[in-house]
Amino acid sequence: MNKEEKSLIRLLKIYHKLIHNILFDDIINTRLIEKLSKRLNIEYYSILIILKDIKKDFDFFKVSDLSLKTCKEIIFLNPFKAIMYYRLSHLVYLNNDFVSARMISEYSHSLTQIDINPGSIIGSPFYIDHGTGIVIGETCIIGKYVKLYHGVTLGAKLCPNENKLKRHPTIGDNVTIYCNSSIFGDIRIFANTIIKAHSIIK
């Protein structure tokens, strides 16, 4: 493990502690927020906002995952971990620290088998069920109360000057996309839509 990776792990330990405090102790740990804010060169209130979004995600998991016996299970679920890491990586991405954002997202990908590009925009609350094999591309926009199941791809179509274009789908509020469905390109899925399993939209 190199120096940058070790530094990342230390930051993520602070982040984990913050999340545990807000979810299970109902405490906003200002000291740790300040510490994380300083190390990432990000505004204090931006970190506070993502912590509140993670609390919304947590509450959405509680009502969406019928297999749960206790709320404490959620923190160990790979889909929840992927969302938790995404929210931090996106904040870092918005601060134009693209290398650190990518490091966080790739760490999350290796841990969870869920690939969320830090540039994507995902509303809160957001729910992923099982999650293995999900891919969410850089210019994807996802609304609130969206549910994705394992194997879903929100991908791009190759096109000239693709880095300057919106090349991934926009998913409206209250959309459910069932397992192994793929949506490619700048396509809009309207609010309250259900996409059945194994669908391909392009």
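Me: Is Lys 55 buried, partly exposed or exposed, and what is its relative accessibility?

Reply: Buried means under 20% relative accessible area, exposed means over 50%, and partly exposed lies in between (1.4 Å probe, protein chains only). Lys 55 has 26% relative accessibility and counts as partly exposed.

Me: What kind of model is this, and how are residues numbered?

Reply: This is a predicted model, in which local features need pLDDT of at least 70 and side-chain atom pairs count only at pLDDT 80 or more, while totals for chains, interfaces and linings use all residues. Residues are numbered from 1 along each chain as its sequence is written, and side-chain values use heavy atoms, with hydrogens and water left out.

Me: How many salt bridges are there?

Reply: A salt bridge is a side-chain nitrogen of Lys or Arg within 4 Å of a carboxyl oxygen of Asp or Glu. By this rule there are six salt bridges. One of them joins Lys 55 to Asp 59, with the closest N and O atoms 3.2 Å apart.

Me: Where do Asp 59 and Lys 55 lie?

Reply: Helices (H or I, at least four residues) and strands (E, at least two) are DSSP runs, numbered from the N terminus. Asp 59 and Lys 55 are both in helix H3 (residues 44-64); because they are four residues apart there, about one helical turn separates them. Asp 59 is partly exposed, at a relative accessible area of 28%.

Me: Which residues are linked with Asp 59 in a network of salt bridges?

Reply: Lys 55 and Lys 62 are linked with Asp 59 in such a network. The side chains of Lys 62 and Asp 59 form a salt bridge at 3.3 Å, N to O. This pair also lies in helix H3, three residues apart, about one turn of the helix. Lys 62 is partly exposed, with 37% relative accessibility.

Me: What does the salt bridge of Arg 167 and Glu 138 tie together?

Reply: The side chains of Arg 167 and Glu 138 meet at 2.9 Å, N to O. Arg 167 lies in the loop between strand S7 (153-155) and strand S8 (170-171), and Glu 138 in the loop between strand S4 (135-136) and strand S5 (141-142), so the pair ties together parts 29 residues apart in sequence. Arg 167 is buried at 9% relative accessibility, whereas Glu 138 is partly exposed at 23%.

Me: Which residues is Ala 197 in contact with, leaving aside its neighbours within four places in sequence?

Reply: Contact means heavy atoms within 4.5 Å. With those neighbours left aside, Ala 197 is in contact with Tyr 178, Cys 179 and Ser 181. Ala 197 lies in the loop between strand S12 (194-195) and strand S13 (200-201).
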